[in-house]
Amino acid sequence: MTATESTTIEPSPLRVGVVGVGAMGANHARIYSEIREADLVGVADLDSAAAERVAGEYGTEAIPADVLARQCDAVTVAVPTPAHETVVRDCLDAGAHVLVEKPIAEDPAQARALADRAREAGLVLQVGHIERFNPAVQALKGIVENLDVIAVEAERLGPPVDRAGADSVTADLMIHDIDVVNSLLGGEPDSIAATGTDDGQYATATMEYPGGVVASLTASRITRKKVRRLVITAAECLVEVDYVDQSVLIHRESFPEYVTVDGTNRYRHESVIERPRIANCEPLRVELESFLAAASSGLVPEVTAEDGIRALETVRRIDRLIGESEGIEVRAG
C-alpha cells in the first residue's frame with residue numbers, strides 16, 4: 001500500500017441480545033440478525049421452547065437472561081410490563097445498554113430509579129416508542145416546527161392482533177400518541193380531562209399543553225376497524241398523518257373563484273393538498289439502528305428514559321381520572 005492509499009475500518013458490530021421473544025421481541029431478534037451493526041449473541045425467555053424456536057430461526061442461541069446480559073454490549077427487553085424493572089435493572093448491572101419496550105416501567109417511581117441507574121453507569125437506556133421512527137412522524141417534525149399549532153387529534157383504534165396483556169388501553173395504545181404529541185409540542189400537558197370504560201378497553205383524553213394547544217386522544221381495543229391517525233390543526237393548514245400508510249397530507253387554504261366556461265359563470269372552490277415525499281422503511285429497523293448508534297457513540301438516544309417517564313406519568317394521570325369517574329380504585333403513579 002502506498003503512502004497515499006488509505007483503508008476504511010468498519011466498526012465492530014455490537015454484541016446484542018433479546019430478553020423476551022413474544023411477537024415484538026421476535027421481531028427485534030429478526031432485525032438484529034439482519035443488520036451489520038449487530039452480532040446477535042442470543043435470546044432469552046421464560047418459555048424455553050419459544051426461546052429455542054426463535055434462536056433457531058435467526059441463527060443464534062437460547063441463553064438464560066442473566067448469562068445473556070453479561071455477554072452483550074446491548075440488550076432489548078421485551079418482557080411483560082410488570083417485569084421491566086427487574087430485567088432492565090439486571091441488564092444495566094451487567095453493563096449492557098438497554099432498549100426497553102414501552103412503557104418504560106410499571107410506575108414512574110420505578111422508571112426514575114432505572115433512569116438514575118443507567119445515568120450513573122454511563123449506559124444508554126432507550127424506550128421503545130416505535131412511532132417516533134415512523135417515517136411519516138419523522139417528516140412531521142420538520143413540518144410542525146414552522147406551524148402555529150392550535151390543536152391535535154389522535155385516534156388509535158382496533159384490537160391488537162399480535163399480543164395480549166394486562167396493560168390498560170392507555171398504557172398499551174394511547175401511550176404511543178402521548179409520546180408523539182409530547183415530542184411535537186416539546187413538553188407535557190398542563191391539564192387533563194379523561195373518561196373511559198372500567199374494563200380498560202376504551203379511553204379518551206383531552207389535554208391542554210403550554211400555549212393553549214389542545215390535544216384530544218382516543219384509544220380503543222374494541223373498535224372493529226384498525227385506525228392509526230393523527231391530525232394537526234394549525235393557523236396555516238391542516239395536517240393529516242396515517243401511521244399505517246406512512247403518509248402525510250397537508251391541506252392548505254383554498255381560494256374560491258368564479259370562472260367562465262362556455263360563456264357561463266361558475267363558482268369553483270378547489271382544495272390545495274400537498275403530499276410530502278415520505279421514505280419507505282420499517283420503523284422498528286430504524287429504531288434499532290438508532291439505539292445501536294447511541295450505544296456505540298455514547299450520545300443521547302432519540303427516545304430517552306425521561307421521554308418514557310413523561311409518557312408514563314401522563315398515562316397514569318389519565319388512568320387515575322378514568323378510575324375516579326368510574327368509581328374504581330386506580331393506583332397512583
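This is a short tour of the structure, one selection at a time.

**The whole chain**

Start with everything shown. The model is predicted. Its protein chain holds nine helices and 16 strands. Of the 333 residues, 47% count as buried. Now think about contacts between residues at least 6 apart in sequence. Of these, 66% join residues at least 24 apart.

**Helix 1**

Select residues 23-34, which form helix 1. How far apart are its end C-alpha atoms? They are 17 Å apart. At 1.5 Å a residue, 12 residues should span 16 Å, so the two values agree. Next, colour G25, A26, H28, A29, R30, I31 and Y32, which are buried in helix 1. What covers them? Show strand 1 (14-19), strand 2 (38-44) and helix 2 (48-57), which are among the covering elements. Strand 4 (74-77), strand 5 and helix 8 also belong to that cover.

**Helices 4 and 5**

Select residues 84-93 for helix 4 and residues 108-121 for helix 5. Two packed helices are described by the angle between their axes and the distance between the axes. Here the angle is about 5°, and the axes are 10 Å apart. Helix 4 and helix 5 are therefore roughly parallel to each other. Angles under 35 degrees count that way.

Now show the side chains at the contact. From helix 4, pick H84, E85, V88, R89, L92 and D93. Their partners in helix 5 are Q110, L114, R117 and A118. What kinds of residue make up this contact? Four are nonpolar, two are polar and four are charged.

**The cysteines**

How many disulfides does the model have? The count is zero. For C91, the nearest cysteine sulfur belongs to C72 and is 8.2 Å away. A disulfide needs the two sulfur atoms within 2.5 Å, so C91 is in none. C91 is buried, with a relative accessible area of 2%. Jump to C281 for a contrast: at 28% relative accessibility, C281 counts as partly exposed.

**A cis bond and its neighbour**

Most residues other than glycine have a negative phi, and most peptide bonds are trans. The next two stops show exceptions. Zoom in on K102 and P103. A cis peptide bond joins them, with omega about -10°. P103 is found in the loop between strand 5 (97-101) and helix 5.

Is A171 buried or exposed? At 3% relative accessibility, A171 counts as buried. Leave aside its neighbours within four places in sequence, and A171 is in contact with K102, P103 and V315. A171 and G200 are 29 residues apart along the chain, yet their C-alpha atoms are separated by 9.7 Å.

**A positive phi**

Select Q246. Its phi is near 55°, a positive value in a residue other than glycine. Q246 sits in the loop between strand 12 (237-242) and strand 13 (247-252). With a relative accessible area of 17%, Q246 is buried.

**Helix 8**

Finish with residues 283-297, the 15 residues of helix 8. From first C-alpha to last, helix 8 reaches 21 Å, close to the 21 Å expected. Colour its buried residues, including P283, L284, E287, L288 and F291. Then step just past the end of the helix to G298, where phi is positive, about 80°.

Key:
Residues numbered from 1 in each chain as written. Predicted model: local features only at pLDDT ≥ 70, side-chain atom pairs only at ≥ 80, totals over all residues. Heavy atoms only, no water. Axes fitted to C-alpha atoms, helices over the stretch in contact; angles between N-to-C directions. Helix = DSSP H or I, 4+ residues; strand = E, 2+ residues; numbered from the N terminus. Parallel < 35°, antiparallel > 145°, perpendicular 65-115°, else oblique. Contact = heavy atoms within 4.5 Å. Nonpolar A, V, L, I, M, F, W, Y, C, P; charged D, E, K, R; others polar. Buried < 20%, exposed > 50% of the residue type's maximum accessible area, 1.4 Å probe, protein only. Expected span 1.5 Å × (residues − 1).
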